[in-house]
Amino acid sequence: MKIALGADHGGYHLKEHIKNCLEERKIDVVDMGCADTEAVDYPEYACKVAGQVSEGRVYQGILVCTTGIGMSITANRFARVRAALCTTPDMAATARSHNDANILALGGSIVSRETATEILDVWLKTDFTGRGRHGRRIEQIKQCTLTQVDPVALYDSDPEIHTVLRSEQRRESLSLNLIASENYSSRAIREAQGSVLTDKYAEGYPGKRWYNGCIHVDTAEQLAIDRARELFAAEHANVQPHCGSTANMVVYFSQLKPGDTILAMSLDHGGHLTHGHPANFSGRLFNIVPYGVQRESERIDYDEIARLADEHRPRLIVAGASAYPRIIDFPRLREIADNVHALLMVDMAHIAGLVAGGCHPNPVPDSDFVTSTTHKTLRGPRGGLVLSRKKYAAEINRHLFPGLQGGPLMHIIAAKAVCFQEARQKDFKEYAQQIIRNAQTLAFSLSSHKVRIVSGGTDNHLLLADLSSMGVTGKKAAEALDRAGITVNKNMIPFDTRSPMITSGIRLGTAALTTRGMKEPEMEKIGEWIAAVIRQPDHDKTIAAVAEKARALAAAFSLP
Ligand code: PLP
């Protein structure tokens, strides 16, 4: 057991006494000053001791100044520090047993040496009770530290952007987010993302960088690579793509020549822009043959994919989607690709968190390439990822850097490493399962309020509501829901007759609300509220009533 000791000039004599007491009791002491009674500034010594306690370098700390007040105020600004100013042995006993205090603050002019010795002995022999109401309250202290932290330097340097941040935080906490591609990253991820690593240039890959000084960012990137490979059982991982679009681009550029044929899911049946939309680089550079879903089942038509593959002999088949609510049959796609000697790429951007949590088949064993974003169900920082077979590793790496990107975003890569670490935990599995249960409950609730769900339900985190028979467009429904504090996006449904700017549907996803801790009962209510709004999108009273309930529900489930 090691205890750090610190004092200013007003606490020096009592600190020396405490030091002797601790040594007599065979306790290791780290004396961090001061060394005599010459005037010094107490925060300097409080910071030294509190820093040691906060970082877990010592078991506890003891701080002494004239009254103990300045020392305790300063020490309590440190994460994980609970400093208690004690003037009696009873206070010391309570501070330890109820508050799990880890720094004892004493006043050199307040307590005598005898009282200080008694306080010290009680402090040392009292343990935190650890359970029940006291444990719960310590947890609440931790939570309050997490939610109340304000970006102080930003406030001083750019109050306008500070206001944007605070307003967005407020908007997020007081509304219900059902955007299927969004989530709330953990505070740990945001800390890595907002860190000094943003300043480092590291063109190249771990161990082979263009610039010097990459020793620490190399560690971060190697951790991200190793964890991604392990999480998805992949032979190779490149964690540098700035976004999902670049991840797709690097696979195309590494394997195809302009004009080559790609067989991919069309945007209006659930595919993504980078799967061949005419306005996107993919549609402009390559010959795109689109596939879609069957009209009746609204599920992917694998026989039609096989037929199209046979007819067009694509170099690459792309699977994965932005708005497809059903499990994708990767072994079947592998078989189709093998029959025509095509490569298979799966873009698992939407479902990566479900795959990591073991709730959706993993596309890696069946694919040549798997691309992803890290910020949707996977709940990491905004970014991209490419997984591939080992034989493609060098080509992928070379086509990303120097082919497509310059310096990697090392702060994002560190945050990706944290994301993969979080996704390896047992509670992430439970999270992934709950996302699906929530989506299924939401689909059921909407259906029971006579809203048609595309394909009759969902196997994953998202669902598509078909509003075509309800006399409201997707655009109008999404705007009305926004006014009611429920955020969704308009979305085309298969065989939609309306334009992508208007649409006949809305897309709903449950990853973000599940992160906030919402479960089936909340989903049932939200389904009822959504149905009420889309049935009467111009009825101000209905919208106001839903808005009030939505706000109250949101306020009850905090953001991470
Ligand atoms: N792939 C799919 C399936 C997506 O849904 C998305 C984004 O929504 C992307 C790729 C592109 O990701 P990004 O926006 O990071 O470029």
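Predicted model: local features only at pLDDT ≥ 70, side-chain atom pairs only at ≥ 80, totals over all residues.
Good morning. The largest pocket of this structure has a volume of about 1400 Å³. A pocket here is an open set of points, on a 1 Å grid over the protein atoms alone, with protein on both sides within 12 Å along at least five of seven lines. Its volume is the space filled by probe spheres set on the points, which are joined across faces, edges and corners. Of the 40 residues lining the largest pocket, Q169, E172, R190, L559 and P560 are closest to its centre; a lining residue has an atom within 4 Å of a point.

Residues are numbered from 1 along each chain as its sequence is written, and side-chain values use heavy atoms, with hydrogens and water left out.

To place the pocket, we need the domains. The protein is divided into domain 1 (2-144), domain 2 (193-423) and domain 3 (427-555), with bounds from an automatic or database domain assignment. Because domain 2 and domain 3 both give residues to the lining of the largest pocket, the pocket lies between them. Helix 8 (159-174) supplies the largest share of that lining, 10 residues. Helices are DSSP runs (H or I, at least four residues), numbered from the N terminus. By class, the lining has 13 nonpolar, 16 polar and 11 charged residues; Ala, Val, Leu, Ile, Met, Phe, Trp, Tyr, Cys and Pro count as nonpolar, Asp, Glu, Lys and Arg as charged, and the others, Gly among them, as polar.

I turn to the ligand. It is surrounded by 13 residues, the closest being G244, S245, S322, D347 and K376, where near means a heavy atom within 4 Å. Helix 11 (residues 244-255) gives the largest share of this shell, three residues. By class, the shell comprises three nonpolar, eight polar and two charged residues.

Which residue has a polar side-chain atom 2.5 Å from a nitrogen atom of the ligand? That residue is D347. An oxygen atom of the ligand is 2.7 Å from an N or O atom in the side chain of S322, and an oxygen atom of the ligand is 2.9 Å from a polar backbone atom of G244. Of the 390 Å² of accessible area that the ligand has on its own, the protein covers 84%, by the Shrake-Rupley method with a 1.4 Å probe.

Definitions and conventions. Polar contact = N/O pair within 3.5 Å; in protein donor to acceptor, adjacent residues only side chain to side chain. Helix = DSSP H or I, 4+ residues; strand = E, 2+ residues; numbered from the N terminus. 1 Å grid on protein atoms, 1.4 Å probe; cavity = no way out; pocket = protein on both sides within 12 Å on 5 of 7 lines; lining within 4 Å.
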